[in-house]
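Please read the following report beside the sequence and the model.

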Amino acid sequence: MSNRIALASGIALIAAGTAFATNARVESMGKNATYFMDDVSVWSNPANANLYPNYLLGELGQMRDTGATGNLNGLARFNRDPEKPWFGAIFAKSFSPDAAAGNRYPQVVIGGAFNREDEWLQYFPKTIKVGSQTSNNTYNVGNFPVKFDGLLGAATNSGVLLGVKTYLAYGDSTNGNNGQTSVVSVNTVGANIPLGQGVDLELTGTVSFLDASISGDKTYGGDVDPSFGASARSFISAPQIFGVIVPAASFRSISAPGLSKTEFRIGSGANVSLDRGFFWLGVDYFNHSGDQNITSAGVASTVSNFDTLTTITDNGVRVSFGIERNIWTDWFVIRVGGQKIIANRDYSKGGVSYSDVISNPDRGDDQNDLVSFGFGLNIEDKLKVDAVVAKDILFNGGALFGGPVDHVLSRISASYSF
């Protein structure tokens, strides 16, 4: 069983004492966590919570060029707090008589988090416009004061990891006779199964409900159609490259206010251990196709029952990579990563069709922009603090050379293993 437990440090191939990853680490190393094992995978596959027993994790938040206070910069001398901080924990109980020797299985785990932004929230609109072309009301339905994760997991004697997770984002408000309710419920089952020496298979299945209902002077919604998702990836040891080959595939069928969409992705990547470092590379093919009522930039930000239906289909390829290396000492690591998306987008709206070649933005988007840079601190292999560096700081030298700056770091994540 000790071979199975070694997944976190062997098959995962997170070298140089950085066996636990964070959102900041993923963002600064290619923005794609599909092709290496990391702690953020517990939210997509709850079975992986068994790999991180007795674990605290969270974020101080993220800084944006434009925050909740408006378009501010360092010269404005305004204080700005980071957006969307969150925290969570995973606790485990081992039933193995050899737990003190490192063989924890069988075990059960329980965990949760508050205020975490789940990736399914990207399909939910920020506002809904209800009425006629000449008389309508706009409702801000994208506000979720309640955001909660809960997960349960178990590991068997044979090394099979199982888990279930639920995520709930909820908002409810009334104003006179008008009321609105927003719900995002994401429910996932997952497994991590050893298939043989050096081969592990991960499987997940998800059922989600994304709904916005409005009552009063105007009415909207209340009929919920489920959304579905499934994913698979395998970690295959490849001694020839001192690393791991990771094929992966995923599918989603999304039904959300103003949006009906399918997403398919298939690809392969590789992990490689370096001297005091780690490198990964991945290539994906994706197809996204959906009908939506949109207003700008292809984002389902406004839904109207009188807007013209728009159909958008994207076919493309994403190439992404990440690299990190300890420098000077084992407790300090620097990271860099990037991704490039090239896709063909077909539009159809109001009987007019056209197509464009599109790519991901080169700045200003933490999930999609071209490159990132960051660093991490590892204190006694227990406390890990990772940060994403604001890219302009490398050019203006911060306040020392470039005058006041908006921010030096754009994201800070932390984890503690006990």
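What percentage of the 418 residues in the protein is buried? Buried residues make up 47% of them, where buried means under 20% relative accessible area, exposed over 50% and partly exposed in between, with a 1.4 Å probe and protein chains only. This is a predicted model, in which local features need pLDDT of at least 70 and side-chain atom pairs count only at pLDDT 80 or more, whereas totals for chains, interfaces and linings use all residues. Residues are numbered from 1 along each chain as its sequence is written, and side-chain values use heavy atoms, with hydrogens and water left out.

The protein has five helices and 20 strands, taken as DSSP runs numbered from the N terminus (helices H or I, at least four residues; strands E, at least two). Of the contacts (heavy atoms within 4.5 Å) between residues at least 6 apart in sequence, 61% join residues at least 24 apart. The accessible surface, from the Shrake-Rupley method with a 1.4 Å probe, comes to about 19,300 Å², and 59% of this area belongs to carbon and sulfur atoms.

Strand 11 (residues 243–256) pairs antiparallel with strand 10 (residues 227–238) and also with strand 12 (residues 259–274), pairing being counted if DSSP finds at least two bridges between two strands.

| Strand pair | Bridges | Residues between the strands | Positive phi |
|---|---|---|---|
| Strand 10 and strand 11 | nine bridges | four residues | Phe242, near 55° |
| Strand 11 and strand 12 | 14 bridges | two residues | Gly258, near 75° |

Within these pairs, Arg233 has Ala248 of strand 11 as its bridge partner, while Ser250 stands opposite Arg265 in strand 12.

A nonpolar core is here a set of buried Ala, Val, Leu, Ile, Met, Phe, Trp, Tyr and Cys residues joined through side-chain atoms within 4.5 Å. The largest one has 29 residues, and Trp43, Tyr52 and Ile90 have the most contacts inside it. Among the elements that give two or more residues to this core are helix 3 (41–44), strand 6 (146–155), strand 11 and strand 13 (277–292). Apart from this core lies another, of 20 residues, including Ile128, Leu210 and Ala256.

Pro85 is found in the loop between strand 1 (55–62) and strand 2 (86–94), and is partly exposed, with a relative accessible area of 35%. Not counting residues up to four places away in sequence, Pro85 touches Glu59, Leu60, Gly61 and Asn115. The C-alpha atoms of Pro85 and Ser413 are separated by 9.3 Å, although these residues are 328 apart along the chain.
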